[in-house]
Amino acid sequence: MKREMCDKERRRTWMQDAFGWLFIAAATATAAWPATSVAAPVVFEAAGLTSADIQGAVDDFRSFLGANNGVGGTFAGGRREINWDGVPDGFAAPNNLPANFFNKNSPRGVVFFTPGSGFQVSGNAGVAPIEFDNLRPDASRKFTTFSRQRLFTALGSPITEVMFFVPGKAQAATSKGFGAVFTHVTRDESAKIEYFDVNGRLLFSGFAPAIQGRETLSFLAVGFDEGEEVFLVRITSGDVELGGTDRGGRDLVVMDDFIYGEPQALN
């Protein structure tokens with residue numbers, strides 16, 4: 001009972017922190033929701049047994065977005081990347097990652113949300129069990145990494161939502177594209193990314209390509225080059241709640257690198 005109460009308190013604290021950012025974003029965005037023209041998106045996708053199998057699609061998406069802007073600052077174009085490997089051990093397994101870590105601690109203009117209980121980055125070897133073996137004893141036999149050696153997941157839900165901000169600020173922003181690397185996508189309609197504009201209109205929805213076997217990689221990214229502005233991205237990574245009590249479902253999927261267009265402020 002005591003442990004259950006602690007879990008509830010941690011979830012309540014996380015939700016208060018996360019939704020505080022959401023309310024700020026909504027207030028900023030409401031004043032300036034522009035009309036959005038919808039055109040054919042540019043899709044980048046690949047799957048394989050090794051990093052090399054998806055590297056070409058990843059590099060093509062990087063080229064589409066432009067130069068990597070790193071951490072902090074604001075830029076007129078280019079991209080941001082998150083590979084999880086620089087997250088301090090204190091914010092990685094078995095500890096949770098703050099939802100706003102990549103807009104506060106390491107400003108790259110995104111904040112995460114989930115209907116689950118929070119988020120976790122897998123541990124470094126020698127510090128904690130790797131590739132989420134702390135959450136599921138056989139996880140490291142199913143997963144692999146695109147960029148060594150950390151992975152990312154929502155807890156208690158397969159859904160992660162990504163909202164864009166001006167890096168380091170509580171100012172809502174949009175992006176021209178977003179992509180994610182997945183590991184262990186074994187079914188065609190398992191890992192999905194949905195892209196929404198500021199009016200909640202669905203701009204695009206697609207599934208990451210599947211590949212049979214363990215320790216596989218899949219990549220899906222979508223870029224928009226006709227004036228579309230992505231305000232929110234919803235990722236569904238499989239149908240198993242890693243770290244949750246409901247372990248039904250057939251496809252256990254987690255994520256590696258996130259790549260997205262430089263967040264641009266809503267005016």
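A: The protein chain of this predicted model exposes about 11200 Å². Carbon and sulfur atoms supply 51% of that area. The chain has 267 residues, and buried ones make up 53% of them. It holds 3 helices and 14 strands. Among contacts with a separation of 6 or more, 75% link residues 24 or more positions apart.

Being buried here takes under 20% relative accessible area. Both directions are covered. G177, G179, V181 and T183 point one way, and all are buried. F178, A180 and F182 point the other way, and they are buried too.

Next, the pairing. Strands of a sheet pair through backbone hydrogen bonds, either parallel or antiparallel. Strand 8 and strand 11, residues 217–223, run antiparallel and are joined by 7 bridges. In that pair, F178 has V222 of strand 11 as its bridge partner. Strand 8 also pairs with strand 13, residues 254–261. That pairing is antiparallel as well, over 5 bridges. Here A180 stands opposite F258 of strand 13.

Which residues touch the most other members of the largest nonpolar core? They are L97, F112, F178, F182 and F258, in a core of 37 residues. F178 and F182 belong to strand 8, and F258 is the residue opposite A180. In soluble globular proteins, nonpolar side chains tend to be buried together. Leaving aside neighbours within four places in sequence, its contacts include A191, I193 and A208. T216, L217 and S218 are also among them. So are I235 and S237, along with V253, V254 and M255. There is a second, separate core of 13 residues, which includes F44, A46, L65 and I259.

Strand 9, residues 191–196, is joined to strand 10 by 5 bridges, and the two run antiparallel. I193 has G206 of strand 10 as its bridge partner. These strands sit in an open sheet of 5 strands, ordered 3-6-12-9-10, with antiparallel pairing. Strand 3 (110–113) and strand 10 (202–207) are the edges, each pairing on one side only. Neighbouring strands of this sheet are turned by 15° against each other on average, direction ignored.

F132 lies in the loop between strand 4 and strand 5. Buried or exposed? F132 counts as buried, because its relative accessibility is 0%. F143 is 11 residues from F132 along the chain, with their C-alpha atoms separated by 8.8 Å.

Strand 4 (residues 118–121) and strand 5 run antiparallel, joined by 4 bridges. G118 stands opposite L155 of strand 5. Strand 5, residues 152–155, is covered on both faces. F152 and A154 are buried on one side, T153 and L155 on the other.

Definitions and conventions. Residues numbered from 1 in each chain as written. Predicted model: local features only at pLDDT ≥ 70, side-chain atom pairs only at ≥ 80, totals over all residues. Heavy atoms only, no water. Buried < 20%, exposed > 50% of the residue type's maximum accessible area, 1.4 Å probe, protein only. Pairing = 2+ DSSP bridges. Axes fitted to C-alpha atoms, helices over the stretch in contact; angles between N-to-C directions. Core = buried A, V, L, I, M, F, W, Y, C linked by side-chain atoms within 4.5 Å. Contact = heavy atoms within 4.5 Å. Areas by Shrake-Rupley, 256 points an atom, 1.4 Å probe, with all protein chains shown as cover.
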